[in-house]
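Visitor: I am new to this structure and would like to learn how to read a helix and the pockets of a protein. May we look at the model together?

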Amino acid sequence: MKKFACIHGHFYQPPRENPWLEEIELQESAFPYPDWNERITEECYAPNTASRILDPQGSIIDIVNNYAKISFNFGPTLLSWMQRIRPEIYQSILDADELSQEIFDGHGSALAQAYNHMILPLANECDKQTQVLWGIKDFEHHFKRKPEGMWLPETAVDVKTLEVLAANGIKFTILAPHQANKVKRIEDEEWQNIGEGGVDPHRAYLCNLPNKQKIVVFFYDGPISHDIAFGGVLRNGEDFARRLTEVSFNENNEPRLVHVATDGETYGHHHRFGNMALSYCLHHIQADEETQLTIYGAFLEQHPPEFEVAIAENTSWSCSHGVERWRSDCGCAINPLSGWTQQWREVLRESMDWLRDKVAEIFEKEMKAFTDNPWSVRNQYIDVILDRSKEALEQYITKQIKKTDNTNQEKILKLLEMQRYAMLMYTSCGWFFDDVSGIETVQILQYAARVMQLAKETSQKDFEQEFIQKLSQAKSNVKEFTDGADVYKKTVQPTIVNLLNVGAHYAISSLFEEYEEQVVIYSYAISLEKKDLYEVGKQRLVIGKARIFSNITQEQCLIDFSVLYFGDYNLSGGVRIHKDDKSYDEMHMKLQNIFTKNNIPEAIQMTNDYFGVNNYSLWSLFKNEQSKVLNQVFGSTSASIETHFRQIYDHYYPLMCVNPEIRIPLPKALAMTVEFILNRDLIEALESDAVDVLRLEKLAQEIKRWAFARDKEAISYVASKRINKLMEEFFDDHKKLNLLESMSEILRILNALDLSLDLWKTQNIYFAMSRDVYGPIFVKAKQHDKKAREWISNFEKLGQILKVKNNDVLTLKKKERVGAC
């Protein structure tokens, strides 16, 4: 009997993009990272592209790309984000899939996923079709091949969903063991019901479908998967491997597959260093003579199913009540002991279904003027989503639309975007957590708001008030909100954007940032037609005209704008659709004259009269820019505060030096001052153009003297970035010996502060250089080249600090010793 092992990781984050800007805005809860995608990338997705295998002393002896040896899927929206924001990690994932095809006889590690993590058994027929088609096309766009398998969101399944998968060429999917209903040998007629122990997960099963299609189902090993995700299996990579290789079977000749499936984030985000446990596990399995590492496609080709299965419909891996977690108060919760109710889930599902059906009617009616098959046109719209270039859009319009002009094209795009967001609003995370006010639920409510905005613009039908009324029945568990309607009004409505909001953002931010005449801000292109700036002391006035163009829907308008800035964060702006040049010129002349006379009250009144209700303040900026501008505004204030703190620190420093001798703790106010100054100085030293090692060491010694809390997270973040940057510079020019020396000294100093440094990138570069650069220089050093010897000495010293060994280096040294003998 041959034993096989396969590990599957479901790597996924919900789409977090602002639906009007098409980018993720600042998420404070992810600090010190700008958002959760960035944070989880650093903790999980990136480390798995270059994961460490350690020796017993804790030194790195190999760095491997885990994705090449496991089965995995990436959520399409996450992978598209990664392609834009973290292209180097994205490319490593694609490279892993290519490498896996060499390892596993032409079968790739990557699987597809239904597009935006919609619970497919709860979706209507059209959405099922589009979610699967978009998932397949997205996969082909990234991986340049057809997918063999597809991951179902939350493994939620019904027969109809499997029919759609099979009809679109998907060979297999992966389910939880309790999602099997009955099994039999293919040649038998009598079915066997699945008992409490669940289905035997160690083989593939054929599922014959009512539409005459077939699909293979793998049921993962539940107990082992559970212990990986929630137990202590990942504390030791060898124990992890042992759980997979020591599974015992009845003696027969049937090949058996031990396979597990968990969230991919288990390997690094949920469990720190989980990626390293995974890489050592894979390393250990490869050394096991009785177990062969595999992936599903490769196993299926070699060992077709001998058993048939009938699935348990409307089930999932994360709800013991089937798929009720996404439509009712079933009892599933993150914190079941909180006493909270999830009655809101049913109301939210009903509200979304109502909105979906309303806009489906609009879509069908309005699109009939341009196509005979609106839903087929929607299915192909993924081509535009994946490539927003003008050429791709023209090709799509030519192929899919009967007749159109520029005006119609805007309407067509709005209708298609309406449908895109009508699916995004079903992203499963919106129901998964415990309250209707959670950030995941707010996100899908934003998508619903965008749907309603586009519906109104294309049909003049306004659904918002009725939608809000429905949400009022979704009761919240938190004091800040009464119900879903309250959540919508307080957290969603203020974020809704139109072209005037974009114009206001542009006008206000132009006071703090110098723009080119043509600039792209998020998903909008702005063309400046006229701009004049006037200053009276600290006060400034900007007046201008600009054209705002949506790169997504092609909606555009010409706006007039003015902004009065009074200093600090005080400003008043106005924006309106441009009516005619005469009105604009009159406003411009009058406002300029009033402002230059320093008649600010009259200037404000003039602005209000011309722009009406379309007045804006600093808080009208989009979130990321608010942070940038406030940092500028508060720059002088912070500098003043720092000056006062530094004066206190300098004045009382002699007294503080006496204090430790008499063993009396510093007064709290003084301790806070010292803490602030030393933390600030250390960060400034690390951020300076050239790190002053002597000053850094003095600051580190000073910090160690005092028993107050240092800002470890911020210092670690800044220090890690600096070391990584120095290593990148050294990689670009490895002759710069001073960089080697600086890194070693900086790391020596910082190690004494007990920081949590993220040196993943530095270690990767060092490992690559020890493989590709070290050898030729080592040869020169053996030929008595003084600079080469110095380089080798410093490089090896840095390796000891980084705890990186390399077999190529060890081999060279071994050969040298043999030669000497």
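This is a predicted model: local features need pLDDT of at least 70, side-chain atom pairs count only at pLDDT 80 or more; totals for chains, interfaces and linings use all residues.

Visitor: Is helix H1 mostly covered or mostly open?

Guide: The general idea comes first. An α-helix has 3.6 residues a turn, so residues three or four places apart point the same way. In this structure, H1 spans residues 36-45, and eight of its ten residues are buried. Among them are Trp36, Ile40 and Tyr45.

Visitor: Which elements do the buried residues of H1 pack against?

Guide: They pack against strands E1 (3-11) and E4 (71-74), and against helices H2 (76-85), H3 (87-103) and H26 (712-732).

Visitor: Which residue caps the N-terminal end of H1?

Guide: The cap is Asp35, with a side-chain oxygen 3.0 Å from the backbone nitrogen of Asn37.

Visitor: How should I read the largest pocket, and how many residues line it?

Guide: The volume is about 1500 Å³. The lining comprises 43 residues, with Arg272, Leu757, Asp758, Leu759 and Trp760 nearest the centre. Elements giving two or more residues to this lining include H1 and H26; the largest share, nine residues, belongs to H26. By class, the lining has 17 nonpolar, ten polar and 16 charged residues.

Visitor: Which residues lie closest to the centre of the second largest pocket?

Guide: They are Phe230, Asp263, His270, Trp317 and Phe432. This second largest pocket has a volume of about 1200 Å³. H1 supplies at least two residues of its lining, while H6 gives the most, six residues. The lining divides into 20 nonpolar, 16 polar and seven charged residues.

Note on methods
Residues are numbered from 1 along each chain as its sequence is written. Side-chain values use heavy atoms; hydrogens and water are left out. Buried means under 20% relative accessible area, exposed over 50%, partly exposed in between (1.4 Å probe, protein chains only). Helices (H or I, at least four residues) and strands (E, at least two) are DSSP runs, numbered from the N terminus. Contact means heavy atoms within 4.5 Å. A polar contact is a pair of N or O atoms within 3.5 Å; within protein, one must be able to donate a hydrogen and the other to accept it, and residues adjacent in sequence count only if both atoms are side-chain atoms. On a 1 Å grid over the protein atoms alone, a cavity is a set of points where a 1.4 Å probe fits but cannot get out, and a pocket is an open set with protein on both sides within 12 Å along at least five of seven lines; lining residues have an atom within 4 Å of a point. Grid points are joined across faces, edges and corners, and a volume is the space filled by probe spheres set on the points. Ala, Val, Leu, Ile, Met, Phe, Trp, Tyr, Cys and Pro count as nonpolar, Asp, Glu, Lys and Arg as charged, and the others, Gly among them, as polar.
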